[in-house]
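The sequence and the model are shown first.

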Amino acid sequence: MSTQNPKVWLVTGCSTGFGRYIAEHLLEVGEQVVVTARETDKIADLEQKGDALILPLDVIDRDQCQKVVDAAEAHFGRIDVLINNAGIGFFGAIEETDEQNARRVFDVNFFGTANTIHAVLPHMRARRSGMIVNLTSIGGLVGYTGVGYYCATKFAVEGLSDTLRKEVAPLGIDVMTVKPSAFRTEWAGSSNEVSASIDDYDGTAGEARRAYHASVGKQAGDPARAAKAIREAVLAEQPPYHLPLGNDAVDAALKKAEDLKANVLAWEALSRSADFPAT
């Protein structure tokens, strides 16, 4: 299959998981893809699958992000779509998580995403076109026990994306967040976790951690179908701002919206009483 008018896509974190599936799908349908990962030997085979530019990228290195964007612009002439997929997980209750691990998750998931955005925006602004797709998680809308700091990074990317969308929309640039639920990727099996747990959290964070590990290979989400859905959403005439992926993600997003509305309405009078009286 080939695409008549291929777009140029820059995808981060392509060695495994969603990034790998997304890059493979895009190449299969004839898109032009800048395929990146920290270790290029893990993605070198993708060069044979289509019009791919293979580049090393550690998203926490802002200078390297700029070099990748510059190389992509020089090779393909533009970047139409940035897909921020690179990310890591961490299992542990909030109190169990030490500062070093917490900062590491933020460095990759939040600041890494910001680094690539900063690198591509000048080019997209100059062309008055482009799309930024940030893979967050349903955990960026709903907090889940055992992955609190991970969820915090995804909430942060959601907030960044909502603001960025308003800032760049007048410049012809779109921003979309993708919120997957549990998919059959390596995430749950490869994420780091606390080395010393606290007994009081065994029934919450501990139970959740064991459930995550037990679910590996059994998750409902199909990453190949997800990759196709992401491309379809990007190419839509009016792309969504928010794209939950998977039944669990849709159900959780709808419940969060209902719960938030009910909570605000229940306390509306008290909330409104905090302003100065109208004159």
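Cys151 is buried, having a relative accessible area of 4%; here buried means under 20% relative accessible area, exposed means over 50%, and partly exposed lies in between, with a 1.4 Å probe and protein chains only. The model is predicted, so local features need pLDDT of at least 70 and side-chain atom pairs count only at pLDDT 80 or more, whereas totals for chains, interfaces and linings use all residues. Residues are numbered from 1 along each chain as its sequence is written, and side-chain values use heavy atoms, with hydrogens and water left out.

A disulfide is a covalent bond between the sulfur atoms of two cysteines. With a disulfide taken as a pair of cysteine sulfur atoms within 2.5 Å, a search of the whole structure returns zero. Cys14 illustrates this result: the closest cysteine sulfur, in Cys65, is 13 Å from its own, which is too far for a bond. Cys14 is also buried, at 0% relative accessibility.

Helices (H or I, at least four residues) and strands (E, at least two) are DSSP runs, numbered from the N terminus. Strand 3 covers residues 52-56, and because four of its five residues are buried, this strand is largely enclosed by the rest of the structure.

Two strands are said to pair if DSSP finds at least two bridges between them. Strand 2, residues 32-37, pairs with strand 3 in the parallel sense over five bridges. Within this pairing, Val35 stands opposite Ile54 of strand 3.

## Nonpolar cores

A nonpolar core is a set of buried Ala, Val, Leu, Ile, Met, Phe, Trp, Tyr and Cys residues joined through side-chain atoms within 4.5 Å. The largest such core has 30 residues, and Ile22, Val35, Ile83 and Val133 are those with the most contacts inside it. Apart from this core lies another, of 27 residues, with Leu57, Val59, Leu82 and Leu164 among them.

Contact means heavy atoms within 4.5 Å. When residues up to four places away in sequence are not counted, Ile83 touches Trp9, Leu10, Val11, Thr12, Ile22, Val133, Leu135 and Ile230.

## Surroundings of Asn115

Asn115 belongs to helix 3 and is buried, with a relative accessible area of 8%. Leaving aside neighbours within four places in sequence, the contacts of Asn115 are Val59, Ile60, Asp61, Arg62 and Cys65.

## Aromatic pairs

Rings of Phe, Tyr and Trp (its six-membered ring) pair if their centres lie within 6.5 Å; planes under 30 degrees apart count as stacked, over 60 as edge-to-face and the rest as tilted. By this rule there are three aromatic pairs. One of them joins Phe91 and Tyr212 in a tilted arrangement, 5.1 Å centre to centre with 35° between the planes. Phe91 lies in strand 5 (residues 90-91) and Tyr212 in helix 6 (residues 202-214), so this pair ties together parts that are 121 residues apart in sequence. Phe91 is buried at 1% relative accessibility, while Tyr212 is partly exposed at 21%.

Phe110 and Phe111 form an edge-to-face pair, with 5.0 Å centre to centre and 80° between the planes. Phe110 counts as buried, at 16% relative accessibility, whereas Phe111 is partly exposed, at 45%.

## Salt bridges

Side chains of opposite charge can pair when their charged atoms come close. With a salt bridge defined as a side-chain nitrogen of Lys or Arg within 4 Å of a carboxyl oxygen of Asp or Glu, the whole structure contains 15. One of these joins Glu96 to Arg209, with the closest N and O atoms 3.8 Å apart. The pair links distant parts of the chain, 113 residues apart: Glu96 is in the loop between strand 5 and helix 3 (99-127), and Arg209 is in helix 6. Both Glu96 and Arg209 are buried.

Glu99 and Arg103 form another salt bridge, in which the closest N and O atoms are 2.6 Å apart. These two residues are four apart in helix 3, and are therefore separated by about one helical turn; Glu99 and Arg103 are both exposed. In the bridge between Glu39 and Lys42, the closest N and O atoms are 3.7 Å apart. Glu39 is partly exposed at 41% relative accessible area, and Lys42 is partly exposed at 43%. Arg20, Glu24 and Asp45 are linked in a network of salt bridges.
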